[in-house]
Amino acid sequence: MSKIEISLPRNCGLYTATEFDEYCQKAVAAKETLLQGKGNDFLGWTTLPQARDTAMLQSIKEDAARVESNSQLFVVIGIGGSYLGARAVVEALRSELQSLCPNQNAPLVVYAGHTLSEDYYSQLLQVLDKYHYSVAVISKSGTTTEPAIAFRIVKNHIEKKYGKQEARQRIFAITDAQKGALHTIATNEGYKRYIIPDNVGGRFSVLTPVGLLPIAAAGIDIDQLMAGAADMLKTCTQMPPQQNPALQYAAIRNLLYQKGKKVEMLVSFLPTLRYMSEWWKQLYGESEGKDHKGILPHSLCFTTDLHSMGQYVQDGERHLFETLISVEKAHTHVEIPFDEQNLDGLNYLLQKSLNEINHCAEQGTTIAHTNGGVPVVKIQMPEISAYTLGQLIYFFEFACGVSGYMLGVNPFDQPGVEAYKKNMFALLGKPGYEDLRKTLEN
Ligand code: PA5
């Protein structure tokens, strides 16, 4: 298996084969709507892997090489769709423990602009005092408050550390081609700029410079990432439902939703996929959670969370289904040592690898949850690599577009995310928000 594959919940007693076929036909219709793109200006992501902007990719690789030569840290400033995709891929391939290994060549990616925590920035500045670093500031609108504040703080630091001239060589701005405060700052200061295409929304932007520059700076092969995405594009756009994991996934989740399964838990048995889950939550939550509809996307990392949430999943309210990312191979091997005394009783495991043990836990969990009334959709990956992650990203994106149309919402807008911002601006005393402030104070 070189490609990711999907297998559906069997014998869960929730739906018939005929019902599933009907939902597959609905998925085919939704796919046509998506590919026709009528009336939607945010479908640029659908063709990114195929279109492959080679000049942009080459420039990113050159900048990543420069960052590797002069920086120990790469600070990625962004929030939501402007950082989660990069973090998902970087952390899938570069665990936090790996960053402690002294022979790691590529810079360690650290994040800012995703929080307003004062203590976080205080600690970040202490770290930046100690190490050489470069910065990518990423904002499509160029006006989002969290990354704007983070960039002001980091810009001040980097200019003091290296002087304005060198700081300019260490800052990369990824933003709109023409508008926004970040575009203005980057143009005035002469930073290297990358463009976020107008027709690609934040949560679908990982295969643009938004994701690609941080991923390349972490030493990950972006050509392989794009190749995986391009192969999955062909599968998603050309194959019939029986051989099309995206259509099957969109069909099963809408069918289960109609059967009362209102919460989807994305689970894996690898802690390195934690940020893949965070990226997926934004992708599906922001795309489908509107008009008072939509599956609630939730995530768990097993076996860790079996010791905290396992009870609820097994026995709590039956409004759950599980989407399991199952990864066949591990890249490395750790011996379980023989112990003559065997006081812990673990010698029976000596013939097995940790990966096999993890898979037994996975299989046992899947059977238990299925028997407990939690259907499990399984996404199988042969291994975690840049290529398979490219496939996974495109698979989830395409399925999301199809699934949103099946649900009857516009999967490419996000009208609900502005509400908190308006209140925050009013409470902060931002000019133009005086009337709202008065309303909030009464
Ligand atoms: O998907 C989205 O639209 C959001 O998550 C945005 O990416 C996020 O709010 C950051 O916006 P911006 O890139 O404009 O700073």
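A disulfide is a pair of cysteine sulfur atoms within 2.5 Å. By that cut-off the structure holds 0 disulfides. The model is predicted: local features need pLDDT of at least 70 and side-chain atom pairs count only at pLDDT 80 or more, while totals for chains, interfaces and linings use all residues. Residues are numbered from 1 along each chain as its sequence is written, and side-chain values use heavy atoms, with hydrogens and water left out.

**Cysteines**

Cys 360 is partly exposed, at 45% relative accessible area; the classes are buried under 20%, exposed over 50%, and partly exposed in between (1.4 Å probe, protein chains only). Cys 400 is buried, with a relative accessible area of 0%.

**Nonpolar cores**

A nonpolar core is a set of buried Ala, Val, Leu, Ile, Met, Phe, Trp, Tyr and Cys residues joined through side-chain atoms within 4.5 Å. Select Trp 45, Tyr 249, Trp 279, Phe 395 and Phe 396: in the largest core, of 95 residues, these touch the most other members. Helix α14 (residues 386-407) gives the largest share of this core, 13 residues. Helices (H or I, at least four residues) and strands (E, at least two) are DSSP runs, numbered from the N terminus.

Centre on Trp 279. Beyond its neighbours within four places in sequence, Trp 279 is in contact (heavy atoms within 4.5 Å) with Leu 84, Gly 85, Ala 88, Arg 203, Val 206, Ile 393, Phe 396 and Glu 397. Another core, of 22 residues, lies apart from the largest one; among its members are Ile 77, Ala 150, Ile 158 and Ala 186.

**Ligand**

Show the ligand and the 13 residues that surround it, of which the closest are Ser 82, Ser 139, Ser 141, Thr 144 and Gln 282; a residue counts here if one of its heavy atoms lies within 4 Å.

- Gln 282: a polar side-chain atom lies 2.5 Å from a ligand oxygen atom.
- Ser 141: an N or O atom in the side chain is 2.7 Å from an oxygen atom of the ligand.
- Lys 140: a backbone N or O atom lies 2.7 Å from a ligand oxygen atom.

Of the 380 Å² of accessible area that the ligand has on its own, the protein covers 85%, by the Shrake-Rupley method with a 1.4 Å probe.

**Backbone geometry**

Most residues other than glycine have a negative phi, and most peptide bonds are trans. Select Phe 302 and Thr 303: the peptide bond between them is cis, with omega near 5°. Thr 303 is in the loop between β8 (296-301) and α12 (310-315).

Move to His 292, in the loop between α11 (274-288) and β8. His 292 has a positive phi of about 60° and is exposed, with a relative accessible area of 86%. Asn 342, in the loop between β9 (320-327) and α13 (354-371), has a positive phi of about 50°. Asn 342 is partly exposed, at 26%.

**Asp 63**

Finish at Asp 63, in helix α3 (residues 54-70). Is Asp 63 buried or exposed? Asp 63 is buried, with a relative accessible area of 5%. Leaving out residues up to four places away in sequence, Asp 63 touches Phe 172, Lys 192, Tyr 194 and Leu 213. Asp 63 and Leu 213 are 150 residues apart along the chain, with 8.0 Å between their C-alpha atoms.

Key. A polar contact is a pair of N or O atoms within 3.5 Å; within protein, one must be able to donate a hydrogen and the other to accept it, and residues adjacent in sequence count only if both atoms are side-chain atoms.
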